Amino acid sequence: MIRLAALACGLLCGAGLLISGLYDPALVYDLPERENGPLAFGMALFAIIFVASIIVSMSYERDAPYLGGQDEPLPDWTGWKPIASALVFGLGWGLAGYVPLSALVSAGALSPGAPVFLVAVLFGMVLSDVVTGKRSIGSGDKGSFG
Amino acid sequence: MDLFDNIVVVTVLGGVLIGVALGALTFLTGRTMSGSGMIGSLLGGAEGVAATSISFMAGLVMAALTMKSIGFAPQQVAETNLPLLIIGGLLVGISARMSGASLGGVLTGLTRRGPSSLVMLVTILAGATIGGILQVSFGGANAQ
C-alpha cells in the first residue's frame with residue numbers, strides 16, 4: 001500500500017511538472033525572458049509550498065505517517081557547509097538545466113540527455129561517499145541516504 | 001485566449017499538483033519528496049526506504065506516458081550539451097550527498113520548518129541563476 005501511494009505521488013508530481021513545463025531544462029536561462037516568467041515561477045513555488053503545508057499540517061497530531069513507517073528526518077541545514085552545498089547544487093542545476101526530479105520526468109518523456117544527467121548524479125554521490133569515507137572502493141560499505 | 005495558454009495559469013496549476021504530491025507523500029509515507037534523496041537511498045540506507053523510492057521514481061518516469069494516454073502531449077524540451085549535463089549532474093550528486101541539499105528536500109523543509117529551508121532555497125535559486133548564465137556563456141543553450 002505504501003509503495004502504491006508513493007507511485008501515485010510520483011505520477012501526480014510528474015503530471016504537475018509536465019503541465020507546468022517546469023521540467024524544461026531551458027527554464028534556468030529562458031524564464032526571465034518569458035513574459036510573466038518570473039511571476040509564474042514565483043507563484044508556482046508559492047502554490048507548491050502552500051498546498052503542501054496544508055496537507056503536511058494534518059500529520060502534526062500523528063506520531064507516524066498515515067500508512068506506517070517513520071518520518072524521514074530532514075538533513076541539518078545549519079552552518080556554512082549546507083549553504084555552500086546549496087550553491088553548488090544550484091550551479092549544477094543551472095549548468096545542466098535539470099534537478100533529479102525533473103530529469104526523471106524528462107527521461108520518461110524520452111529526452112536523451114536526462115538519463116546521462118541521472119547517471120552523473122549517481123556517480124557524483126558515489127564519488128562523494130568515497131571522498132568522505134562513507135564508502136571505500138571495492139567494499140560493501142553502505143552510506144546513509146541523504 | 002485559451003486559459004491553458006497562460007503561463008501563470010499552467011504553472012500555478014502544475015504547482016498545486018506538485019504541492020499535493022509533496023504533501024501526500026509526507027503525510028502518507030513520511031518520505032521527503034527529494035529526487036536526489038530518493039536516488040541516494042538506492043546506494044543503501046534504512047530498510048524499506050529504497051522500495052518507496054523506486055515506486056515514487058517509477059511514478060515520475062511513467063508520468064509522461066500516462067499524460068500522453070489521456071491526450072496531453074509533453075512539450076519538446078531543449079537539453080544542453082553532453083559535457084554540461086555531466087558536469088551539472090556531478091555537482092548535483094556531490095552536493096546532495098554531502099549535505100542533503102536538494103530542491104524537493106528544501107521545499108519539504110519549508111512545510112515543516114522555516115528559516116534554514118528558506119535560506120537554502122534562496123541559495124539554490126541564486127546558484128541556478130549563476131549556473132544558467134554560465135550555461136549560456138558556455139554555449140549550452142539550445143532553446144528555439
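Start by selecting Ser128(A): leaving aside residues up to four places away in sequence, Ser128(A) touches Ile94(B), Arg97(B) and Met98(B), where contact means heavy atoms within 4.5 Å. This is a predicted model, in which local features need pLDDT of at least 70, side-chain atom pairs count only at pLDDT 80 or more, and totals for chains, interfaces and linings use all residues. Residues are numbered from 1 along each chain as its sequence is written, chains are lettered from A and ligands numbered from 1 in the order in which they are written, and side-chain values use heavy atoms, with hydrogens and water left out.

Now show the helix around Ser128(A). Ser128(A) lies in helix H6 of chain A, residues 113-132. Helices (H or I, at least four residues) and strands (E, at least two) are DSSP runs, numbered from the N terminus. Is Ser128(A) buried or exposed? Ser128(A) is buried, because its relative accessibility is 2%; buried means under 20% relative accessible area, exposed over 50%, and partly exposed in between, with a 1.4 Å probe and protein chains only.

Next, select both chains and look at the contact between them. The contact takes 107 residues from chain A and 107 residues from chain B. On the chain A side, select Tyr29(A), Trp77(A) and Leu95(A): they lose the most area to chain B, together 9% of what that side buries. Chain A and chain B bury about 9700 Å² between them, with 77% of it on carbon and sulfur atoms. Buried area here is the accessible area (1.4 Å probe) that two parts lose on being put together, summed over both.

Chain B has six helices and zero strands, in the order α-α-α-α-α-α along the sequence. The C-alpha trace of chain B spans about 45 × 40 × 30 Å along its principal axes. Of the 144 residues of chain B, 55% count as buried. Among contacts in chain B with a separation of 6 or more, 43% are between residues 24 or more positions apart.
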